[in-house]
Amino acid sequence: MSSSKDPVVPLIKSGYARVLVEIFYEYNHDPHQAIKDSGLPPDLFDLDQEFLPQEPMKKLIYLLANQLGITQFGDILRTAIRRKAIPRLIGEFSQCKTVKEALELSQAVFLYDSTVANVGLETSHGRTWYWCKRKVDESALFLWSEIWAVLYAVEFISVLTQRDWLPTQIKIQSDCADVYQSILGNSIQYFVANERVEWLIDDEVLALPLRISPKAFEEKKPLVSWHANFTDRVFTSLLPYVREHNLTLEEAAELLSMTPRTLQRRLTEERTSFRRIKDNLLYTVAVDMMGEHLSLTHIANQLGYSNIAHFSRSFKRISGLTPKVYQKIILSLNDEP
């Protein structure tokens, strides 16, 4: 369990950024500049199950919204969530008998794709609310990340019930009800500036049997449990960025939504450093690239080393072997039948 001194790094599966971009291409929109400006990895389309910091994902949503306008972006966002995002996890609810059981299980399932999923079901004064607690900030990105959360819940319950579902009341943390009215219409009563996002769920809907079509979910993948400590989560979140980006401490801290000083302090508390993590990241990616039979010169250039000698010394410091020896001994063993 994380303590106050061990803040959870906000991560999300890279596949969610992919599905949003894929829908934009399907609608003949070009998200290329938004991908670049958001800070997502250049090889995004080669990623799916890797974990990324949430900040670039929030930036992507914000930039695409500004590119298209509220109404059109809302329509595309709902399509992306229903057709591509929800099918990633919907199969995990196949053993639930009712909508209520699925909503009660959602916290455990969502945590496999996001470190900061914080949702639940609560009954108060005879009314049941599905809620999502999120950290509020004053940035322009917050509204659009909230819109993602609101639309995800609406589409999630629509998929569970196989009907076009809308709640009669929604509580939001922002104060921008007019944006939601442009996307979801005026039939919903909105309450602004709340401590958490909440959707009113009627008892009739909660009691509905699940109607999940086999076509609604992807083939189930093994669930991944989160690393136990801060250092491992930092490693996981930065790994997709190493292959084509020579990360500095400042860039890493920005991706993780913290100051360089805080990042260094937290790593020091766990008896490591950014330099050590970066060395291990470079080693991990270098080994993967060797497995693709790329030349050592190409690998050194891709990973930002000034020359192959510098790359060789760094690799040997971590593995105890030079890259050439590693290729000869280790990779040759892997290639044996």
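Good morning. What we have here is a predicted model, in which local features need pLDDT of at least 70 and side-chain atom pairs count only at pLDDT 80 or more, while totals for chains, interfaces and linings use all residues. Residues are numbered from 1 along each chain as its sequence is written, and side-chain values use heavy atoms, with hydrogens and water left out.

Let me begin with the whole protein. It holds 15 helices and 7 strands; these are DSSP runs, with helices (H or I) of at least four residues and strands (E) of at least two, numbered from the N terminus. Of the 337 residues, 49% are buried, where buried means under 20% relative accessible area, exposed over 50%, and partly exposed in between, with a 1.4 Å probe and protein chains only. Contact means heavy atoms within 4.5 Å. Among contacts between residues at least 6 apart in sequence, 70% join residues at least 24 apart.

Is C96 buried or exposed? C96 counts as buried, because its relative accessibility is 13%. C176, by contrast, has a relative accessibility of 21% and therefore counts as partly exposed. C176 sits in the loop between strand 5 (169-171) and helix 7 (177-184). From C176 to F191 there are 15 residues in sequence and 9.7 Å in space, C-alpha to C-alpha.

Next, a pair of helices. At what angle do helix 5 and helix 6 pack? Helix 5 (residues 99-110) and helix 6 (residues 140-161) meet at about 130°, and their axes lie 11 Å apart. Axes are lines fitted to C-alpha atoms, for helices over the stretch in contact, and angles run from 0 to 180 degrees between N-to-C directions. The two helices are therefore oblique to each other, since angles under 35 degrees count as roughly parallel, over 145 as roughly antiparallel, 65 to 115 as roughly perpendicular and the rest as oblique. Helix 5 contributes V99, A102, L103, S106 and F110 to the contact, and helix 6 contributes Y152, F156, I157, L160 and T161.

Finally, consider helix 4 (residues 70-85), whose buried residues include F73, G74, I76, L77 and I81. Which elements cover them? The cover includes helix 1 (15-26), helix 3 (54-68), helix 6 and helix 7.
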